[in-house]
Amino acid sequence: GGRDGAVEHCRCFSDWVTRLLRGGPSAVAAILPAERARIGTALYDAASLYLENHEVTSAVRALRQCLSLRASVLGPDHVLLADVNYRLGQVNSEMGTHRRAMDHYRDALRVYALTSGPYSDNVAAVLCSMGQTHYARGELDEALAVYAETLRIIHRTYGGQHRFTANILGTMGNMHLERGDTMLAMNDFANAERIMRILQTLEGEAIRSEGRDGAWGSSTDHSSLVVVVPSMSLQIMGLLFHPCAAAA
């Protein structure tokens with residue numbers, strides 16, 4: 001019973017799917033498309049359970065099986081295949097198999113751009129993950145280029161004052177520091193801090209406005225409005241003691 005029982009059930013299910021796929025296209029085609037779609041969804045859910053149980057290899061197997069079955073029903077350009085490729089990219093990145101992760105991210109990016117549009121949240125999310133993988137591979141130039149493209153998408157979609165923008169700017173600032181580009185890093189940190197302070201002010205005004213309207217007497221949960229402003233100023237001041245800054 002419980003999680004152990006569910007994981008064992010998933011293993012038996014994945015073994016059955018493995019035998020099915022080994023039978024070739026004719027064996028897969030013998031199963032009705034709607035049933036294949038349901039099997040694909042079950043495999044995707046099984047992968048999540050495997051990951052919760054720290055069984056990464058089993059999760060990858062289930063996701064690959066899901067990808068194969070969904071492709072047999074939906075074709076290569078459906079958003080559900082992009083979801084699986086994105087998840088496979090994340091798992092492979094966590095495993096350190098970065099080249100394979102990038103292959104999955106590229107597949108997800110292509111389909112998300114096709115189905116959701118080139119300026120969608122999905123595209124921005126994949127680009128961020130690709131930036132993280134580039135950084136993990138020591139490819140700072142490529143990572144910065146990908147994050148710059150993500151900023152362009154977020155700015156076009158949400159405007160310049162967005163928490164996501166501030167987070168990316170902070171990340172880019174750290175990368176510029178690592179490259180020794182002190183002035184660029186200071187500019188990134190300053191812009192990130194400016195955005196977060198604007199957001200803090202706006203959210204504070206919203207809370208005060210609700211208070212004046214008597215909303216504080218209601219059961220409204222305001223916890224999501226609390227903003228913690230990262231001290232970018234401290235990071236900028238820290239540049240004075242950073243080896244790159246000293247070299248500059």
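Among contacts in the protein chain between residues at least 6 apart in sequence, 59% join residues at least 24 apart; contact means heavy atoms within 4.5 Å. This is a predicted model, in which local features need pLDDT of at least 70, side-chain atom pairs count only at pLDDT 80 or more, and totals for chains, interfaces and linings use all residues. Residues are numbered from 1 along each chain as its sequence is written, and side-chain values use heavy atoms, with hydrogens and water left out.

**Overall make-up**

- The protein chain holds 12 helices and zero strands. Helices (H or I, at least four residues) and strands (E, at least two) are DSSP runs, numbered from the N terminus.
- Read from the N terminus, the elements run α-α-α-α-α-α-α-α-α-α-α-α.
- Of the 248 residues, 40% count as buried. Buried means under 20% relative accessible area, exposed over 50%, and partly exposed in between (1.4 Å probe, protein chains only).

- C10 sits in helix α1 (residues 2-22). C10 is buried, at a relative accessible area of 11%.
- C10 touches A46, L49 and Y50, leaving aside residues up to four places away in sequence. A46, L49 and Y50 are among the buried residues of α3.
- C10 and L43 lie 33 residues apart in sequence, yet 8.1 Å apart in space, C-alpha to C-alpha.
- Helix α3 (residues 33-52) has 20 residues and spans 29 Å from first C-alpha to last, close to the expected 28 Å. The expected span is 1.5 Å times one less than the number of residues.
- Other buried residues of α3 include R36, I39, G40, L43, A47 and L51.

**The α4/α5 pair**

- Helix α4 (residues 56-74) and helix α5 (residues 79-95) pack at about 160°, with axes 10 Å apart. Axes are lines fitted to C-alpha atoms, for helices over the stretch in contact, and angles run from 0 to 180 degrees between N-to-C directions.
- The two helices are therefore roughly antiparallel. The cut-offs are under 35 degrees for roughly parallel, over 145 for roughly antiparallel, 65 to 115 for roughly perpendicular, and oblique for the rest.
- The crossing of α4 and α5 is left-handed: the near helix is turned anticlockwise from the far one by less than a right angle.
- On the α4 side, the contact is made by V56, V60, L63, R64, C66, L67, R70, A71 and L74. On the α5 side, the contributors are L80, L81, V84, N85, R87, L88, V91 and M95.

**Helices α6 and α7**

- Helix α6 (residues 98-115) has 18 residues and reaches 25 Å from first C-alpha to last, close to the expected 26 Å.
- Buried in α6 are H98, A101, M102, H104, Y105, A108, L109, V111 and Y112. The buried residues of α6 pack against α5 and α7 (121-136).
- T133 lies in α7. T133 is buried, with a relative accessible area of 0%.
- T133 touches S93, H98, M102 and Y105, not counting residues up to four places away in sequence. H98, M102 and Y105 are among the buried residues of α6.
- G117 follows α6 and has a positive phi near 100°.

- Over residues 124-157 the chain is 91% helix and 0% strand. The end C-alpha atoms of that stretch are 10 Å apart.
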